[in-house]
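Please read these notes alongside the model.

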Amino acid sequence: IYLFPFFFPIYVHNASLLGGWQDVWLFRLFLNVLGYATIIIPGYFLISYFKRINYLETGRGICFPVIKTCVFGSESKTGLLDDVSPAARNESESSSSARQAVKLIFCAAGLQVSYLTWGVLQERVMTRSYGASEVEGSGERFRDSQFLVFMNRILALTVSGLWCVLLKQPRHGAPMYKYSFASLSNILSSWCQYEALKYISFPTQVLAKASKVIPVMLMGKIVSRKSYEYWEYFTAVLISLGVSMFLLSSSTDKHPSTVTTFSGVVILGGYIVFDSFTSNWQDNLFKYKMSSVQMMFGVNLFSCLLTVGSLLEQGAFFDSLAFMMRHSEFAMHAVLLSVCSACGQLFIFYTISQFGAAVFTIIMTLRQAIAILLSCFLYGHAVTLVGGLGVGVVFLALFLRIYARSRVKKSSKRAAQTPVQKV
């Protein structure tokens with residue numbers, strides 16, 4: 001028996017999840033978007049008004065610097081800013097092999113600990129009850145994914161803000177309102193990521209996230225007009241094949257949390273689309289002179305504004321705080337989730353600055369494989385032989401992609417270093 005067969009297929013044994021309209025994921029998403037609209041729409045009209053009256057030349061007063069920064073910025077685009085100065089890069093290159101090895105181990109360990117802990121806690125918070133006793137079915141689940149997004153963003157905002165204050169950053173050029181596009185897609189993708197765990201297993205989610213290279217390529221063509229090499233299309237097809245093998249091998253007679261519903265697939269698709277837009281929009285924003293930490297601060301600033309506004313309008317903010325007061329274990333998990341998310345972002349910036357994107361991608365790909373194994377071990381997810389083969393195909397394609405990209409970069413560097421003889 002299904003409720004809302006096209007959008008909300010929930011099996012009978014999960015029917016208790018639907019306590020009313022407030023428990024239907026599409027209705028919650030509608031409320032969230034409505035809350036964001038109450039902030040975005042007035043902001044749009046204000047920005048249009050300031051641009052229409054040419055406020056940049058006619059405006060005066062104490063609010064002028066704030067309005068100029070938010071609406072106009074410097075409007076001067078530069079080349080993509082390299083987060084690492086030439087001096088720092090030379091120092092890195094001249095470092096001893098032992099020191100570089102220690103740095104690499106530190107970066108890999110930091111990324112693995114941060115994101116593996118984050119993944120385990122994410123599944124614990126969204127799929128298990130709090131305050132449960134020995135009585136079957138006792139306890140209550142935390143249902144508001146948007147509050148977890150807010151918790152993650154407020155700590156990331158604090159960390160990036162302190163970083164910007166304590167360490168010298170380049171002069172900021174982008175109008176602040178342009179961060180709101182990436183913020184909106186970012187919080188929607190994060191919401192989908194948490195919400196999907198109510199309907200799909202964590203290994204399925206991890207594997208789908210590994211395959212987001214396909215929609216990222218499609219979004220890159222739409223947003224940035226990018227072109228791709230043949231090997232990129234080949235690895236994308238391999239990833240699609242591996243994901244299909246894994247999903248089709250899932251059976252419903254295993255652990256209940258391994259059941260993949262149509263709602264879960266739709267929510268996961270929303271995550272991939274929103275996340276693909278976020279990365280491409282941020283890539284465009286980097287055309288302004290800014291550092292990665294400034295990007296982190298700007299996106300999280302609007303993310304906090306949008307999520308807290310929506311939570312307060314729905315009355316969910318204080319309900320979530322009350323849940324934290326009732327269950328200290330959940331409070332600890334929510335805070336630890338936010339700490340892991342913020343620390344993970346800092347490790348990302350440091351790893352890329354020290355070793356480049358290729359090494360970082362290898363570390364994160366290994367992290368995804370370990371996360372699947374860890375989730376299966378801790379939460380009892382079953383993976384069939386065909387499903388395991390599909391996982392292997394996905395990660396094989398990812399490593400082929402990394403290898404091909406590194407070869408292309410090396411050949412382009414050799415071509416650039418080859419002296420041109422004048423006739």
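**Notes on the aromatic residues and the surface**

1. Tyr44 is exposed, with a relative accessible area of 54%; exposed means over 50%, buried under 20% and partly exposed in between, with a 1.4 Å probe and protein chains only. Phe45 is also classed as exposed, at 55% relative accessibility.

2. This is a predicted model, in which local features need pLDDT of at least 70 and side-chain atom pairs pLDDT 80 or more, while totals for chains, interfaces and linings use all residues. Residues are numbered from 1 along each chain as its sequence is written, and side-chain values use heavy atoms, with hydrogens and water left out.

3. The whole structure contains 19 aromatic pairs. Rings of Phe, Tyr and Trp (its six-membered ring) pair if their centres lie within 6.5 Å; planes under 30 degrees apart are stacked, over 60 edge-to-face, and the rest tilted. Tyr44 and Phe45 make an edge-to-face pair, with 5.5 Å between centres and 70 degrees between planes.

4. Phe323 and Phe330 form an edge-to-face pair, at 5.0 Å centre to centre and 90 degrees between the planes. Are these two residues, Phe323 and Phe330, buried or exposed? Phe323 is buried, at 5% relative accessible area, and Phe330 is buried at 0%.

5. Phe323 and Phe330 belong to one aromatic cluster, whose members also include Tyr130, Phe142, Phe147, Phe150, Phe317 and Phe318. The charged end of Arg124 lies over the ring of Tyr130, 4.2 Å from the ring centre; the criterion is NZ of Lys or CZ of Arg within 6 Å of the centre and within 35 degrees of the ring normal.

6. Leu162, Trp163, Val165, Leu166 and Leu167 make a nonpolar surface patch of about 540 Å². Patch residues have over 30% relative accessible area and no salt bridge, with like charges joined within 9 Å and nonpolar side chains (Val, Leu, Ile, Met, Phe, Trp, Tyr) within 5 Å. A salt bridge is a side-chain nitrogen of Lys or Arg within 4 Å of a carboxyl oxygen of Asp or Glu. Trp163 is partly exposed, at 34% relative accessibility, and lies in helix α6 (residues 145–166).

7. The protein chain has 16 helices and zero strands; these are DSSP runs, helices (H or I) of at least four residues and strands (E) of at least two, numbered from the N terminus. Of its 423 residues, 46% count as buried. The protein chain exposes about 22,200 Å², of which carbon and sulfur atoms supply 68%, by the Shrake-Rupley method with a 1.4 Å probe.
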